[in-house]
Amino acid sequence: PLAGPAGHAAGDAARAGWPGSREAVSHRPTLARAVETGALSQVARQTFQACDKAGSGVLAWNGGEVRGFIAQVLRHYGLHPPPEEHVYALYLSLDAEAHGHLDLNGCLCLALEVVSAGFGIESASPKSATSDPSHSPPGTTVVEWLASYHAPPVDATGVMNYLGRIVNIAQLAAEWRLLSAVNAPHRARIVGEIETGALLRAALGSFRECDKDGRGCLTWNNGEIRTFVTAVLRSYGFSMLPTEAQVYQLYSSFDADNNARLDTRECICLVDAIVRAVFHQDPSPEASTASRPISIGPVSREAPAPPTVDVKLERLLRTCAGSMCRVQREGLLHCILAAWRLGAGEERAARLQGLLQQRLQHSEVRFAAERERLESILQEHREETWRGAMGAQASRRLSRVHAAVDLLVRQWRHRQRAGLLAALIGRWQYLALSRARGREADAGLQAADFADWRRSSDAATAQCRGVHSAVELSFRQRRQSRASGLVAAVFTDWHRLMDAKAPRSRRAEAAVTLTIRQWRRCQAASLVAAAFHGWTAQVWQG
């Protein structure tokens, strides 16, 4: 049964008809599991952050932010919100100072109490906790306990009783001698913090920082306890921190129910035991054996009664059960680790195989691309080589064509000059013939001189014909030696042109021959006429 405001709110909710009987039956297991595992607190924390749009860190009642927060939390689990008067009654129990708003912790407690009151689930919130301080969650009870706590001296206390759990501080100090020697420069300062209770208050602040989801406990498996211990020791400037095995040695002493988590008081006592074991020094050899356990927590002022046989047997059975559970848990962890290693090895081999296949495919693609590139380069090289060879051959042919054309041009010019000369000779022949005829009309030619002149003219004509034949022979030889390709075609065309002009050339040659003959006759006639005039003059003078 619930006591206090939560119990009255549960009665109000039942009278208001929230939740319905069907909803209570169907949703109660889910909500109970959410409360137990802390999932409800996590959902409430996320909802608080979503509702706190201004970032002020509080939600007000008058603005409807608190009612909207509760409605969203319940809507997450498929429930409709309870009546406003029911939520307001629980809100008043949390806002005792009438601030008109609730912070994050207050909203978390309100969500837990609404669910607890409506579905009859025992809540772990500070407002609905029992009055037993040894099991109280973080909150007012722990603060009050720390305010009234008087720490025993460090060196004079060899055995400590933490919430019913006996810890041999002297034995741990003997085992942690190296840790004690390294941190010896901080001993005086930290021992004063322990004996004044400042260490436990600092540990409570670090616990609240590490307990991010507000569950009131820290777990070992996700590293929260190890992080909490490290944060406290580093805040005091420890030069060397205890190993994880050393922390686990003390943690196993406090985790009596083997649920892998410690509440607020257990975490604070764990840090106190670690620091005491690091800085403990026995004042005398008999001190550690003569010292009796010093209790931390709600302990009676009267001397404790010696344990009975039943109590000893029960403790022995608990110790054996804890050892068996620990062995089974370690064996299960070893099996899980081996299976994980096997699966990780297979997964790694599969990843490596996939990676090698990808690299092989990539290499094949690159090889094909490189092969195509080399083939294209080779083809281009072949084309360039062929073009170079064809260019050289064409250049040689072109040079030959140029030489043949130059030869033809020179021959054409020679023929042009010969034609011009023939024309001049023809003109001169005509004039000479006219004069010769005039002179022949005046004086006759002597037969002997004319015969000599004719023989010399025939010799000159034969000589000209020989020269012409030599020129024709050299021309034929050059034409035969240079007749190839385009030159042969051009030369053939030129030869045809020359053949067409051959009759004219022969006529020109005949005209030249006639002219030479006529010129020679004229020369002979002139000589005869001169001789005749000379003889006539001599005759007239005589």
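Student: What should I keep in mind before we start?

Tutor: Residues are numbered from 1 along each chain as its sequence is written, and side-chain values use heavy atoms, with hydrogens and water left out. This is a predicted model, where local features need pLDDT of at least 70 and side-chain atom pairs count only at pLDDT 80 or more, while totals for chains, interfaces and linings use all residues.

Student: How many aromatic pairs does the structure hold?

Tutor: There are nine aromatic pairs. Rings of Phe, Tyr and Trp (its six-membered ring) pair if their centres lie within 6.5 Å; planes under 30 degrees apart are stacked, over 60 edge-to-face, and the rest tilted. One of the pairs is tyrosine 88 with tyrosine 91, at 6.0 Å centre to centre and 35° between the planes, and it is tilted.

Student: Where do tyrosine 88 and tyrosine 91 lie?

Tutor: Both are in helix 5 (residues 84-94), three residues apart, about one turn of the helix. Helices here are DSSP runs (H or I, at least four residues), as are strands (E, at least two), numbered from the N terminus. Together with Trp61, Tyr88 and Tyr91 form one aromatic cluster.

Student: Why is tyrosine 91 called buried?

Tutor: Buried means under 20% relative accessible area, exposed over 50%, and partly exposed in between (1.4 Å probe, protein chains only). Tyrosine 91 has 4%, so it is buried. Tyrosine 88 has 35%, so it is partly exposed.

Student: Why is the pair of phenylalanine 207 and phenylalanine 228 called edge-to-face?

Tutor: Their ring centres are 6.1 Å apart and their planes stand at 90°, so the pair is edge-to-face. Phenylalanine 207 lies in helix 11 (residues 198-210) and phenylalanine 228 in helix 12 (residues 224-235), so the pair ties together parts that are 21 residues apart in sequence. Phenylalanine 207 is buried at 0% relative accessibility, and phenylalanine 228 is buried with a relative accessible area of 0%.

Student: How do you know that the span of helix 11 agrees with what it should be?

Tutor: The expected span is 1.5 Å times one less than the number of residues. For the 13 residues of helix 11 that should be 18 Å, and the end C-alpha atoms are 18 Å apart, so the two agree. Its buried residues include Leu204, Phe207 and Cys210.

Student: What makes a polar contact with the side chain of threonine 219?

Tutor: The side chain of asparagine 222 does, at 2.3 Å. A polar contact is a pair of N or O atoms within 3.5 Å; within protein, one must be able to donate a hydrogen and the other to accept it, and residues adjacent in sequence count only if both atoms are side-chain atoms. Threonine 219 is in strand 5 (residues 217-219), and at 14% relative accessibility it counts as buried.
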